[in-house]
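Biologist: I would like to learn how to read side-chain contacts and metal sites. Please take me through them one by one.

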Amino acid sequence: MTVRNPMIFCDFDGTITNSDNIIAIMKKFAPEEWDDIKNKVLSQEVSIKDGVGKMFALLPSKQKKDITEYIIDHAEIREGFKEFVAFTKKEEIPLYIVSGGIDFFVEPLLKGLVEDEHIYCNGSDFSGEKINILWPHTCDSECENDCGCCKPSIIRKLAEPGTYKIVIGDSITDLEAAKLADQVIARDFLIEKCEEHAIAFSPFETFYDVMEILKKREVTA
Ligand code: MG
Ligand code: ZN
C-alpha cells in the first residue's frame with residue numbers, strides 16, 4: 001500500500017524528549033503544592049489547561065533563566081529524531097510538532113531541527129511576578145476538553161480532506177489526536193489507551209523504529 005498526502009503530527013514531551021519537561025521543572029523548582037494540582041489533572045478533576053496554568057503560576061518569573069538552562073541541560077532528545085527529521089524532509093512529508101509544552105523550552109530544544117512555524121505549543125509571559133502561561137491554540141468549537149494546546153483542533157486546521165494523518169505520541173494527551181488519525185505510532189501510556197479504545201497502532205521506542213514503520217507503509221508525499 002502506498003500512502004498519499006501524508007502529514008505527521010508529533011508530540012514533544014515524552015515522545016521527542018525521553019521524559020516530561022513540565023514534570024521535571026516542577027520537581028526541581030516548584031513548592032510542593034504542584035503535586036496536588038498534577039494529581040487533580042490526572043484524575044480529570046481539573047482540566048489540563050487549568051492545571052498547567054496553576055502549576056506555572058507557582059513559579060517566580062525571575063527564575064526564567066535558571067529554569068530554561070536546567071531543561072536545556074537535562075532534557076534528552078530521543079534516539080534517531082534528527083535522522084527522522086531528515087527523512088521527512090527527503091520524503092517531503094510535512095512534520096508538525098503539537099505539544100502541550102511551553103515555548104521557552106520547546107523551541108530552544110528543537111532549534112536547528114524544526115522551524116518555529118511547524119511548532120504548535122503554549123506560550124509564556126514573564127512580565128508579572130509569577131509565570132503566566134499563554135494559550136494561542138485553544139480548543140475549537142468541536143472540542144470541549146479545555147486542552148490548553150488543543151491537538152485535535154490543530155489537526156482539523158492543518159489537514160485537508162484526503163490528508164493521511166499520522167499521529168506520534170506517548171500519553172493521554174495524545175488520545176484525542178489518535179482518535180482522528182489514519183495511523184498511530186505510540187509508546188508508553190498511549191499504547192494502553194489505544195488498546196482500551198480499540199485504536200490500531202504501531203509501537204515505537206526510537207525514531208529509527210518510526211522510520212521503519214513509515215517505510216513499510218510506503219508513505220511518500
Ligand atoms: Mg507526551
Ligand atoms: Zn481541545
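Biologist: Is R156 buried, partly exposed or exposed?

Modeller: Start with the general idea. Buried means under 20% relative accessible area, exposed means over 50%, and partly exposed lies in between (1.4 Å probe, protein chains only). R156 has a relative accessible area of 28%, so R156 is partly exposed. A caution: this is a predicted model, where local features need pLDDT of at least 70, side-chain atom pairs count only at pLDDT 80 or more, and totals for chains, interfaces and linings use all residues. Residues are numbered from 1 along each chain as written, chains are lettered from A and ligands numbered from 1 in written order, and side-chain values use heavy atoms, without hydrogens and water.

Biologist: Which side chain does R156 meet in a salt bridge?

Modeller: First, the rule. A salt bridge is a side-chain nitrogen of Lys or Arg within 4 Å of a carboxyl oxygen of Asp or Glu. R156 meets E142, at 3.9 Å from N to O. E142 lies in the loop between β4 (132–134) and α7 (151–158), and R156 in helix α7, so the pair ties together parts 14 residues apart in sequence. Helices (H or I, at least four residues) and strands (E, at least two) are DSSP runs, numbered from the N terminus. E142 is exposed, at 62% relative accessibility.

Biologist: How many salt bridges does the structure hold?

Modeller: It holds 16. One of them joins K89 and E115, again 3.9 Å from N to O. K89 sits in helix α5 (residues 81–90) and E115 in the loop between α6 (103–110) and β3 (119–125), so this pair ties together parts 26 residues apart in sequence. E115 is partly exposed, at 36%.

Biologist: Where do E69 and K65 lie?

Modeller: Both are in helix α4 (residues 64–74), four residues apart, which means about one helical turn between them. K65 is exposed, at 58%, while E69 is partly exposed, at 40%.

Biologist: Which residues are linked in a network of salt bridges?

Modeller: D11, K151 and D174.

Biologist: What are the protein donors of the zinc ion (ligand 2)?

Modeller: Donors are N, O and S atoms within 2.8 Å of the metal (3.2 Å for Na, K and Ca); water is not among the atoms, so sites may look incomplete. Here they are the SG atoms of C139, C143, C147 and C150, 2.2 to 2.3 Å from the zinc ion. Their spacing in sequence is C-x3-C-x3-C-x2-C. C143 and C147 are buried.

Biologist: What is the geometry of this zinc site?

Modeller: Four donors count as tetrahedral if all angles lie between 85 and 135 degrees. The angles here are 105 to 112°, and the site is tetrahedral.

How values were computed: Tetrahedral: all angles 85-135°; square planar, octahedral: opposite > 155°, others 65-115°.
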